[in-house]
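Have a look first, then read on.

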Amino acid sequence: MNQPVAVLNSIETTPSSVPAAIPKAAVADENSVPRRLGRWFVATILPALLGFTAFFAVWSLISVYATDLPKPLATIEKCVEFVRANMWSNQNRVGVPMLVLYSLLRVLVGFAIGAVVAIPLGFWIGSSPFIRSALTPLMEICRPISPLAWYPVALVMFSAPVLENERFKAPTMAAIFVIFICSLWPTVVNTAFGVTQINKDFLNVARMLKMTKFQVLRYVLWPSVLPNIVTGLRISLGIAWMVIVAAEMLNGQDGIGFFCWDQYNAGSVSLSILAMAMIGTVGLIMNVVMLRIEKRVTFDRQN
Amino acid sequence: MSFFELNDVGKSFVTGTTSTEVLSNVNLHMREGEFVAIVGFSGSGKSTLVSLMAGLTAPDCGSIMLRGQPVTGPGPDRGVVFQNYSLLPWLTVYGNIALGVDKVFHDWSAVKRKEHIEKYIRMVNLSDASHKRPHELSGGMRQRVSVARALAMNPEILLLDEPLSALDALTRGNLQNQIARLWEQDKKTVLMITNDVDEGILLADRIIPLQPGPRATLGPAFEIVLPRPRDRKALNHDPEFQRIRNAVTNYLVEASARQRTMAAAKRELRLPRLTPKDWRNAARA
């Protein structure tokens, strides 16, 4: 029988073979708060600042030959002025934050409907080879279609006389439909992928425990696929946000996308750029929130 | 009528157009409360055998009976400890064991189930880690959770599919002792598949070699009458242990050599010496 061999006890370390120890005081200095702050600044903040500086430099360069494009400093001035004066209520129109809220609401409705459809569809596609073969060609054709190309069909669908409703106007419904149809695909694809990645051993455990189909879904399939679902939802949300801006630009009455296009038409490109900044910020916040959720839901797959 | 029996079990796997007969003519009869070890090479169909016994796959021919009833599908009466632990990674140790207990003993009260789970966690010495997730545990601890999960379901027969193969030698030794101790308490019927002959002889009442595939079948069983509890260090010098170990190892080595020569013989296709008959000259002559 294999006996552990006690060789390590017999090795002696001579003083000359061990390097001189680093004094404790020096190590403490290295990790002092000012040093660590300094390192964090250099590693994280400084490159970001440099990145933004480069961006403004390129902007200034472009605005030299594109004379209609306002220079960065001028833009910032105009934006600050606007924020101070008119942002919260713009005469008889709604303030800009409210517009962002309108856009967000449309996104969330379209995204929610999309999620409710996409997740079961993803499960179905992942588990049934027949459905996968049936729906994959359709999916691959629909996926690259730009939201702007869906818009005319959507408008026509929701302009039917039977759907006429003061509350739910055709452009709004069309926008929500376009968000729905474009944000489906990442969730479907990721969910289907997650279903195929399920460890067969877990299913064997479920079989050994004689779990009903519903119990397998709830206790084994769902937690296993959840990280993939959340990844898909995060990407879908990003796409949905991009789509609403495009849809509003095309035919909107309010919302941040409409504001962006409207300001351009009114000649005020700076405010258009302000709208861009707000769109970007909201997108960033949503992405960070989804990442946090993703992190909480992900488990270490290595069993 | 044995407690657990396999009668003439055979299983083939079809890949593409070829069909490989992995197991053929497997016969096994187990008494209740017996600890049987099956030893064999890697790839000889050991895991297939466990799948068949657990009911996860159906045999192509023959029957598998537990207490006289045929085995038609998987169930908690045949608890399996998988080679790869198969712990659900999003559940804690407690949660993993609770999964089985809540399913099998759904008519018990929550308090009773909790006590039951904690009893088995204590049995495998994991009380400190009961709230941890599998990725925070070492391999030995994960395997202990897997064993606790299987035992907590109160199965009729416990099937161990190479439970200690993925562990280092030292942990393996520890866990062998734990398995022996656990078995002493309950005297459950256990069938253990292993690739270590020593481990088999240390733990089991009977050790049966599995011939290498294809068409693997069980060799002769060797009864182990060494008294329990068995001390690994003392066993090394025990003549009976050495005799059984040599017998089993020789059997396996010979079986493997025989299988290799048969395979080689099939490869060298010797054609008969034939010369074409000269019809023209034959007719003339």
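Buried here means 20 or more other C-beta atoms within 10 Å of a residue's own, with C-beta atoms placed from the backbone.

Setting aside neighbours within four places in sequence, Ile179(A) touches Arg106(A), Val107(A), Gly110(A), Phe111(A), Ala240(A), Val243(A) and Ile244(A). A contact is a pair of C-beta atoms, placed from the backbone, within 7 Å.

This is a predicted model: local features need pLDDT of at least 70, side-chain atom pairs count only at pLDDT 80 or more, and totals for chains, interfaces and linings use all residues. Residues are numbered from 1 along each chain as its sequence is written, while chains are lettered from A and ligands numbered from 1 in the order in which they are written.

## Where chain B meets chain A

On the chain B side, 24 residues are in contact with 19 residues of chain A. Those residues of chain B split into 15 nonpolar, six polar and three charged. For this count, Ala, Val, Leu, Ile, Met, Phe, Trp, Tyr, Cys and Pro are nonpolar, Asp, Glu, Lys and Arg are charged, and the others, Gly among them, are polar.

## Chain B overall

Of the 285 residues in chain B, 39% are buried. Its C-alpha atoms fill a box of roughly 105 × 45 × 40 Å along the principal axes. Among contacts in chain B with a separation of 6 or more, 70% are between residues 24 or more positions apart.

Technical notes. Contact = placed C-beta atoms within 7 Å. Buried ≥ 20, exposed ≤ 12 C-beta atoms within 10 Å, placed from the backbone.
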